[in-house]
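Student: Hey, can we go through this one together? I've got the structure open and some questions.

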Amino acid sequence: MFLGVSIVADRFMASIEVITSQERQITIKRPNGEKITTTVRIWNETVSNLTLMALGSSAPEILLSVVEVCGHNFNAGELGPNTIVGSAAFNMFVIIGLCVYVIPDGDTRKVKHLRVFFVTATWSVFAYTWLYLILAVFSPGIVEIWEGLLTLFFFPICVGFAYVADRRLLFYKYMYKRYRAGKQKGMIIETEGEPELPSKVDVEMDGKILNQHGEGFLDGEAGLDTVLDEDEARREMASILRELKQKHPDKEMEQLMELANYQVLMQQQKSRAFYRCQATRIMTGAGNILKKHAADQAKRAVQHNICSEVSVSNFSCTVLFDPGTYQCLENCGSVALNVVRQGRDLTCTVSVDYRTEDGTANAGSDYRSTEGTIVFKPGETEKEIRIDITDDDIFEEDEYFLVHLCNVRVVPEGASSGEANHVDDPAGLGLPCTATVTIFDDDHAGIFSFEEPAVTVSESIGMMEVKVIRNSGARGVVVVPYKTMEGTAKGGGEDFEDTHGVLEFDNDETCKTVRINIIDDEEYEKNKNFFLEIGAPQLLEMSERKAVLLQEVGGFVQTGKDVYRKVQGRDHPAPSAIINITEEGDGVLTKKEEEERRIAEMGRPMLGEHVKLEVIIEESYEFKNTVDKLIKKTNLALLVGTNSWRQQFVEAMTVSSGDDDDDDDDDDKCREEKLPSCFDYVMHFLTVFWKLLFAFVPPTDYWNGWACFCVSISGIGILTAIIGDLASHFGCTVGLKDSVTAVVFVALGTSVPDTFASKVAAIQDQYADASIGNVTGSNAVNVFLGIGVAWSIAAIYHHSKNQVFKVDPGTLAFSVTLFTIFAFICIAVLIYRRRPAIGGELGGPRIPKILTSCLFFSLWLMYIIFSSLEAYCHIQGF
């Protein structure tokens, strides 16, 4: 029966995880006035932990108390209330003691939300103190209506106090606060639950100095906190992707995304509901949720690759240009265009027509108009088209013309290439099916410029290449100086490496490339710029005689007027002789010489329109897109939830490995689901009936989880009613009182899933909130709901009958008193363990860790022994 409750409670907790993970979009304003849109969870984490999460964890105990009262003609019973107190004792002493012990030696876990922990711990002790007061002080032996209703009303008050502490509302905003500087400029992070900073640490934000006491900063801005958390999550995701790319350079991005997804899910702070579902499924042979998810993702990736290969192989035969653009000089004679055939069937004969079309270049004066047919014989995949180019001595702009492919057809064997195609799989045109040929004029020294005034690059590009284009001629050897200039992006290796030098264009050379190294720091958001500028181009040869000389001797660079020096390299000049070249006949020029000089001046190199290029460095789009995808996939509700009844029945019938050993060091193992062990099979067959029964519960996707929530809690109520009767019969059979049965057996049975959940949370979580922080909240909720609802109903019923609701304070009051005393000791020890000597509530040095665990286990044993002795009157109670 306890296994059945655990399984239906698993469905219940899955619905709670889906409900509390619902998100909505909000628009907020950053401190600099910038408005951004982000997503936030509808449920506050603290509120969800104390309401739905605590209800899910304590539902069996709460419903057992309510069902017992309603099933005994609204008279008080011993099983329900004592189960609540016994469960609280088990949670406080055994679960926390186990969590302290399972942390590796030397490691520690601290409660992060310390304010909330203090509030819930105080309310948990107050709840049982209040229970003693209404049993033995206010109206001994009688529970009045106001007592029951006030007990119930304490529940929303407790939630409200915790919410105020979490959001720092009311008086909390004036209390002492401490901050540290974040990794990103302009970010501050509150250091609650984190290591202390040196005494003299100030944080600057918006030009103001924020000291340790938080002066000058307006706290409580939920929107800003949300953005900071989201930015922090994205930076962590980016960091994980960087590490995986360095560790596995041979893996594709999809595989890296799977590894990153698994790693983030492992490191992500998880809710109490997730750990409860994880523990239950491992315990019942349903498998480790995270490892099943990783294995499923790997299988989908393999299937996707297979499907992609099949789809590619189904392409029909296509003919296209490869590449689609060509450039040539005016004096090249002819240009060759490459035509390729692609597709699955390369054994047939395919023909395709081609023809030229004027652009700015005219057929006849700039090129020869050409048309014809290309025939691909069986096995041939490439053909060449040659177009003749016409050379002239006229200065003109660069021009282009087009070459089109058309009328592709499969030629049957024995037929001519012009016959029509009637086969089942006709050939077709691929893209590009039109080629553009640009003719560069070679009669001018050239006009030099960048292709465009600005270019945007990704920070992940590495070595960036910028083209300097030589248009309207390519005659002569020309040098063009260039240099980078800082903008918002900083040189010197911070955002880019400073670059300067000279580009040397040889005769008939039309393009040169400047290489700039962009530094990749893989920021999620980035928008910085710098500039690349080219200077005035210089023609090395200033006369025909000089041009001939330079061509003959080679390797000479102009270092002054009419002075050329041969150098080994720009940075390390080699010793060489200095050669002076003087003009001959620099006297009075004849008309012919003046005309020649005028024509020469017209052909001098010059700068074009774009001489200063703005380079904008942005975050890598692919990297940012990958991070955004991973952020969406790290919603744990997608893992624990279900979307169809079919999925639920398949999971109910499937045995999976429950091995939760930490093998994260091997990334490939995390994607391989291990075979189930013998224990997994045994637990599966013991629980398969309950799995199939509760597979009828609506999937969590219906009504955003509320359908599953309502049906599951009804199932828990029915099973707890049966458990109550069975526990009473068991006690009668072995001769135990209901109070002893409740404290020892029922409380233990209902708390086993929580024990496994807290153990996993303690090991995997960075903080102690999910493992022990929620114990105090659940203990308070047990009293406020379990006792408050049951006794309010009974008190109102008896009042309507002009009767009083009687509750024997004896055993219950003694158990409550004993638990309250021990709880004070437990909380005091946990607070003491936060001292630097130990470092946190959980873990720490081996000796203190063992002593703490032994103390907590001893407190639980003493509670069991003394409660049992009092029940049998060996110790006098109240």
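Student: Is N779 buried or exposed?
Tutor: N779 counts as buried, because its relative accessibility is 0%. Keep in mind that this is a predicted model.

Student: OK, where is N779 found?
Tutor: N779 sits in helix 18, which covers residues 769-800.

Student: And what is N779 in contact with, leaving aside its neighbours within four places in sequence?
Tutor: Its contacts are A88, N91, M92, S124, Y128 and F819. One of those, F819, also belongs to the part of helix 19 that meets helix 20.

Student: How many residues has helix 20, and what does it reach from its first C-alpha to its last?
Tutor: Helix 20 has 26 residues and reaches 38 Å, close to the 38 Å expected at 1.5 Å a residue.

Student: Which of its residues are buried?
Tutor: Among them are K849, F856, W860, Y863 and E870. The buried residues of helix 20 pack against helix 3, helix 17, helix 19 and strand 32.

Student: What comes just after helix 20?
Tutor: C873, which takes a positive phi of about 65 degrees.

Student: Switching to strands. What about strand 12, how many of its residues are buried?
Tutor: Seven of its ten, so strand 12 (residues 349-358) is largely enclosed by the rest of the structure. Nine bridges join strand 12 to strand 15, running antiparallel, and E357 stands opposite L402 there. Six bridges join strand 12 to strand 13, also antiparallel, with D353 opposite T373.

Student: Last one: what order does the open sheet of four strands have?
Tutor: The order is 23-20-18-29, with mixed pairing. Strand 23 and strand 29 stand at the edges with a single partner strand each, so one side of each is left without a neighbour in the sheet. Strand 18 and strand 20 run antiparallel, joined by four bridges, and F450 stands opposite V468 in strand 20.

Terms used
Residues are numbered from 1 along each chain as its sequence is written. This is a predicted model: local features need pLDDT of at least 70, side-chain atom pairs count only at pLDDT 80 or more; totals for chains, interfaces and linings use all residues. Side-chain values use heavy atoms; hydrogens and water are left out. Contact means heavy atoms within 4.5 Å. Helices (H or I, at least four residues) and strands (E, at least two) are DSSP runs, numbered from the N terminus. Two strands pair if DSSP finds at least two bridges between them. Buried means under 20% relative accessible area, exposed over 50%, partly exposed in between (1.4 Å probe, protein chains only). The expected span of a helix is 1.5 Å times one less than its number of residues.
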